[in-house]
Amino acid sequence: MSLTLTINGTSHTVDVEPETPLLWVLRDNIGLTGTKYGCGISKCGACTVHIDGRKAFSCSTKVSAAVGKEVTTIEGLSDDNSHPLQVAWIEEDVPQCGYCQSGQIMAAAALLEARPDPSDLDIDAGMSDNICRCGTYARIRKAIHRAAEIAQG
Amino acid sequence: MSTMKLNRRKFIVASASAAGGLMLAFRIPAGARADAMMEEPWMAGEGGQEVNAWLVIDPDDTVTIRVGQSEMGEGVFTAMPMLVAEELQCDWSKVRAVYADVNRHVQSTVEPYMVAAGAAKETDQLYQRMATGGSGAVRRSRKYLHQAGASARERLKQAAANAWGVERSAVTAADSVLRAGNKSGTYGEFAAAAATIELESEPAIKTPDQFTLLGKSVPRLDTPHKTDGSAVYGIDVQLPDMVHAAVEVSPVPGGRLVSFDFDAVKDRPGVITAFRLGEGGIGKLPYRLDEVANRTNGLLSGVAVVADTYYRALTALQLMPKEWDAGGHGDVSDESIIAGALEVLGNPDDATYNPAVSEGDARGVIGASADKVEATYVTPYLDHACMEPMNCTAHVTADRADIWVGTQNPPGAHDVVVEETGLAPEQVHVHNTFLGTGFGRRFRSDEVRQAAAIGAALGRPVKMVWSREENQRQGKLRPYSVYHFAASLDADKKPEAYWNRVVSHSIFNHLIPQFLKDGLDNQAMEGLDQRLPYRFPNRQVDYAIRDSHIPVQWWRSVGASQNAFALESFIDELAHAAGADPVEFRLGLMPEGSEFRRPLEVVAKEAGWTTDLRRGEGMGVGLAEAFGTIVAQVAYVTVSRRGQLRVETIDCAVDCGHVIHPRLVEMQMESSIVYGLTAALYGEVHIRNGAVVEDNFDSYLMLRMNEMPEIRTHMALSGGEKWGGVGEPAVPPVAPAVTNAIFAATGKRIRRLPIRSHDLA
Ligand code: FES
Ligand code: FES
C-alpha cells in the first residue's frame with residue numbers, strides 16, 4: 001500500500017503494509033538509521049521520534065498513524081548538531097557507545113518543549129522511558145540542565 | 001550500478017575526527033542509500049602518505065590514526081589515537097581515527113621497526129592486538145602505540161634534517177611543525193620522505209613525566225557523530241541490492257528445529273526465501289554441545305527468513321509454523337542447575353573439588369573452633385543485554401566475502417568467515433563498525449557465522465538482525481556461581497582460619513578447556529585465590545565445576561563480577577561477628593604496604609564513612625581488583641519502613657596506576673557502577689524448560705534515570721609500574737557495597753542476588 005509521510009519536512013512515498021511500525025519504515029524504506037531499534041515493545045526508548053512535536057515510540061507506532069503528520073527524527077533535530085541539546089551533549093561528553101543517544105536526545109527535546117527549565121524530578125519523569133546500557137544517566141541529566149541554560153541564552 | 005565495484009572499492013567505516021565531520025561515519029541522504037559510503041579506511045586520503053601501518057599524514061597535516069581496538073563506548077577511538085599522538089607530537093585538532101584493517105592484519109606481520117624497538121615479536125601480526133576485552137586497550141597496546149608515534153616522529157625529523165643539511169638532533173617537532181634554526185616545515189610536507197627513512201636505532205618512548213597530551217581530558221572524537229544520528233553501527237549498514245534476514249533458533253540451546261512450514265508464509269509481501277540453519281541445513285559447523293569447537297560458535301539449529309525489508313522478514317518468521325525438539329534439556333531450569341551446584345557445595349568431600357589454595361590447616365582449625373562464622377551465597381546467570389541487538393551484514397561471492405559487523409573480535413570474525421565460506425584469508429574482508437555496547441557478548445562471532453552462512457547461500461548482500469527476543473534467547477550468559485565460606489575467630493575476635501568453596505559453571509570448560517589448570521578456572525576464581533586482599537593464618541580455597549547446557553561467556557568484569565559480592569559480603573559478616581567496624585576490620589586483615597589499602601582509605605574518607613546512622617539508613621563498603629586495577633566503593637542507601645530501597649550515592653576510589661584521560665576514567669566508573677547496580681538490583685536470567693525466560697526489557701529490567709544514584713569518583717593512583725584497565729573493574733564492588741549498606745540499614749543480610757527478590761520491609 002502506498003503511503004505518503006512527512007519526515008523532517010520532506011515528503012516520502014513508501015509502499016508498505018499500513019501496520020508496519022514507523023521505526024522500520026524510517027530505517028529500511030527511507031534510510032534514516034539514526035533512529036534505533038532496541039526492544040520493539042515501548043520499553044527502551046531507543047526508537048524515540050516526534051510526531052507533531054510529541055514524543056512517540058516509533059517501534060510501536062503504525063506507519064499509517066503517521067500519515068498526514070510531521071515526523072521529526074534525530075536527523076531532523078538540527079542541520080548541523082546545533083540544537084541546544086546537541087551542543088550540551090557534546091560539551092558534557094554524554095555518549096559512550098552512543099546507541100541509545102538518538103532516543104535520549106529526542107526524549108529530552110520533547111521534555112524541554114514542555115518544560116523549558118526542567119527540575120530533576122521533571123527529568124526523572126521525562127527520561128525514565130529511555131534505557132542507557134552504558135549508564136550515562138548522570139551526564140544526560142547534567143546536559144539537559146545545560147541545554148536549558150543555552151536555550152534561554 | 002555495479003555492486004561489485006562499490007564493494008571492492010568503497011566501504012562504510014566507523015571513523016571519527018577531532019576536526020569534526022571530515023571523515024565522519026556517513027550520513028545517508030534520503031533516497032540515496034548507497035552513495036554515502038566511505039573509502040576503505042586503510043587507503044590514504046588525497047595525497048596522504050602512510051608513514052607506518054598505524055598512521056597516515058595528509059599534505060594539510062591531517063593525521064589519520066588506525067585503531068586496532070573496538071569502539072563500544074569505552075573511548076578507544078580517542079584514547080588509542082592519543083597514545084600515538086603523544087609521541088608523534090602532531091596537532092591534535094587534526095587527528096582522526098579509523099579502524100585498522102583486519103584483512104591486512106591477518107596477512108602481514110608487524111613492521112620491522114617495531115621489532116627493532118623491542119615493542120613486538122617478529123611473529124606478531126601487523127596490528128598486534130586486535131581484539132577488545134579484559135580492560136586491556138590502554139595497558140596492553142600502550143607501548144607499541146607510543147612506539148608507532150615516536151618512530152614516525154623521528155623519521156619526520158630525519159627527513160627534515162636531510163633536506164636542511166642539519167643533524168636530526170637539531171630538529172624539533174611540535175604541533176605538526178618541524179623546526180631547526182630559521183627553517184621550518186610541516187609534517188605534511190615531509191611525510192613522503194619520512195616513510196622511506198631507515199633509522200639506525202629506534203627512539204625510546206616517553207616516561208609518564210614527559211607526557212604533554214596524555215592526562216588531559218580532550219573531547220572524545222566520536223561524540224559529535226553520536227548526537228546527530230550519523231554514527232554507523234552494524235545494524236545501520238545499507239548496501240545496494242541488500243535484502244534482510246530474520247532468524248529464530250531453538251530456544252533451548254542444543255535443541256533442534258524439527259520442522260517448519262515456509263509454504264504458509266512464502267506468499268506474504270516481500271518474502272524471498274527461507275533456510276534451515278545448522279544441523280541438516282546451511283552452515284559448515286552445526287552446534288553440538290559435546291564438541292568444544294562446535295559449541296564455541298557453531299550454528300544453533302533454526303531457520304532464517306529472507307525478505308526485502310526487515311519487518312517483512314521478521315513478521316513472516318514469526319507467523320511461520322515451527323516445531324522444536326528440546327534435545328533432552330526440556331526439563332532443565334535455573335533452579336535445577338543451582339540446586340545441583342548447592343548439593344556439591346554442601347559436601348566438602350565431593351571428589352570433583354580441586355584445591356586452589358591450601359595454607360596451614362583451615363579445615364582443622366575451623367572444625368575445632370567454638371567461634372565460627374559460616375555463610376552461603378548464590379549469584380545467578382546474567383545476560384549482557386547489549387543495547388544494540390546482535391546483527392551482521394554479509395556479501396559473499398565466489399571469490400570474496402565482505403562482512404560488516406560491530407565486533408570486539410575482528411580476527412575471530414575473520415577466521416569464522418574463512419571457515420564458513422571456504423575462501424582464502426586474503427579474500428575475506430571484515431569491516432568493523434561502532435558497537436552498540438559489547439560487554440563481552442560481541443566476542444564470539446556466532447552471529448557472524450550465521451550471517452556468513454546465509455550470505456553464502458544467497459550470493460547477494462544480506463543484513464541479518466536478531467529481534468530483541470532472539471537476542472536474549474541466544475544469550476551467552478554470565479555463569480551462575482555458588483559459594484560457601486567458613487571462618488573462625490580466636491579469643492581476641494581475630495580471624496584465624498578461612499575456608500572457601502566455590503562451585504560454578506566454567507567459561508573455560510565451555511569454550512577453551514585447555515585453559516583449565518589442574519581443574520581450576522582462574523577466571524572463575526578471580527579475586528578469591530592468589531590475589532585475595534585479606535590475610536588469614538590458615539586458608540583453604542576449593543573449586544568445582546558444574547556446567548549445564550546453557551552457553552556461557554565473559555560478561556563485563558567476568559569472575560570478579562560475582563566473586564566480589566560473595567567475598568565482600570562474607571568479610572562484612574565476619575566484621576560484624578567480630579564486633580568491628582567493616583572498614584577498620586578490612587584494613588586490619590591487610591598486610592602493611594598492601595596495594596588494597598589506599599583505595600579503601602580514600603573511599604572511606606571521601607564518603608564520610610560512618611556506621612553511626614539511623615535505622616533505615618546505611619553505608620556499605622565493597623572492594624575488588626580486576627584487570628590490574630583496584631576499586632573500592634561505599635554505597636549510601638535508604639530503606640523505607642515498607643522496604644523501598646533507594647541507592648542514594650556511591651563513592652568510588654580507583655587505583656589504575658596512571659590515567660591518560662581523566663574524564664574517560666570517570667565515565668567508565670559511572671558506566672560500570674550502573675552496570676553492576678542494574679545486575680545487583682534486578683539481574684537474573686531464569687531458565688524454564690531448558691530455555692531463557694527473560695526475553696525483553698519488560699522482564700529483564702534495567703536501571704533507569706529515576707533510580708540513578710549520585711556517583712562520585714576519586715582517583716587513588718599509585719603510579720609507578722602499574723597500568724590497570726578501567727572498562728570493567730568498577731563493576732564488582734557495587735553489589736556488596738549496596739547489600740552491605742542494606743544490612744547496615746535494616747539488619748537484613750542478602751546472600752542471593754538479585755536484591756529485588758528479597759523483601760526489605
Ligand atoms: S525500540 Fe521502541 S521503545 Fe524500544
Ligand atoms: S550510550 Fe551506550 S546505551 Fe546509552
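Does B:Gly608 count as buried or exposed, judged by its C-beta neighbours inside 10 Å? B:Gly608 counts as exposed, with 11 such neighbours; a residue is called buried if 20 or more other C-beta atoms lie within 10 Å of its own, exposed if 12 or fewer, and partly exposed in between, with C-beta atoms placed from the backbone.

The legends below describe a predicted model, in which local features need pLDDT of at least 70 and side-chain atom pairs count only at pLDDT 80 or more, while totals for chains, interfaces and linings use all residues. Residues are numbered from 1 along each chain as its sequence is written, and chains are lettered from A and ligands numbered from 1 in the order in which they are written.

**View 1. The loop at B:Gly608.** B:Gly608 belongs to the loop that lies between helix 17 and strand 25 of chain B. Helices (H or I, at least four residues) and strands (E, at least two) are DSSP runs, numbered from the N terminus. A distance of 9.6 Å separates the C-alpha atoms of B:Gly608 and B:Met619, which are 11 residues apart along the chain.

View 2. Strands of chain B in the order 25-26-27-30 make up an open sheet of 4 strands with mixed pairing; two strands pair if DSSP finds at least two bridges between them. Strand 25 (617–626) and strand 30 (710–715) of chain B are at the edges with a single partner strand each, so one side of each has no neighbour in the sheet. From one strand to the next, the twist averages 15 degrees. Strand 26 (residues 629–639) and strand 27 (residues 645–655) of chain B are antiparallel and share 10 bridges, and B:Val639 has B:Leu645 of strand 27 as its bridge partner. Helix 17 (residues 597–607) of chain B lies across strand 25, strand 26, strand 27 and strand 30, at about 135 degrees to strand 27. Contact between two residues requires C-beta atoms, placed from the backbone, within 7 Å. Axes are lines fitted to C-alpha atoms, for helices over the stretch in contact, and angles run from 0 to 180 degrees between N-to-C directions.

**View 3. Strand 22 of chain B and its two partners.** Of the 9 residues of strand 22 (residues 481–489) of chain B, 8 are buried, so this strand is largely enclosed by the rest of the structure. Strand 17 (residues 372–379) of chain B runs antiparallel to strand 22 and is joined to it by 8 bridges, with B:Tyr377 opposite B:Tyr483. Strand 23 (residues 495–504) of chain B is also antiparallel to strand 22, through 9 bridges, and here B:Phe485 faces B:Asn500. The hairpin of strands 22 and 23 of chain B has 5 residues between the strands, and in it B:Lys493 adopts a positive phi near 65 degrees.

View 4. Strand 11 (residues 243–249) and strand 14 (residues 302–307) of chain B run antiparallel and are joined by 6 bridges; B:His244 stands opposite B:Ala307.

View 5. B:Phe439 is located in the loop between strand 20 and helix 12 of chain B, and B:Ser445 is found in the loop between strand 20 and helix 12 of chain B. Phi is positive in B:Phe439, near 55 degrees, and in B:Ser445, near 70 degrees. B:Phe439 is buried, with 29 other C-beta atoms within 10 Å; B:Ser445 is buried, with 29 other C-beta atoms within 10 Å.

**View 6. The cis peptide bond at B:Pro754.** B:Leu753 and B:Pro754 are joined by a cis peptide bond with omega of about 5 degrees. B:Pro754 is in the segment after helix 19 (734–746) of chain B.
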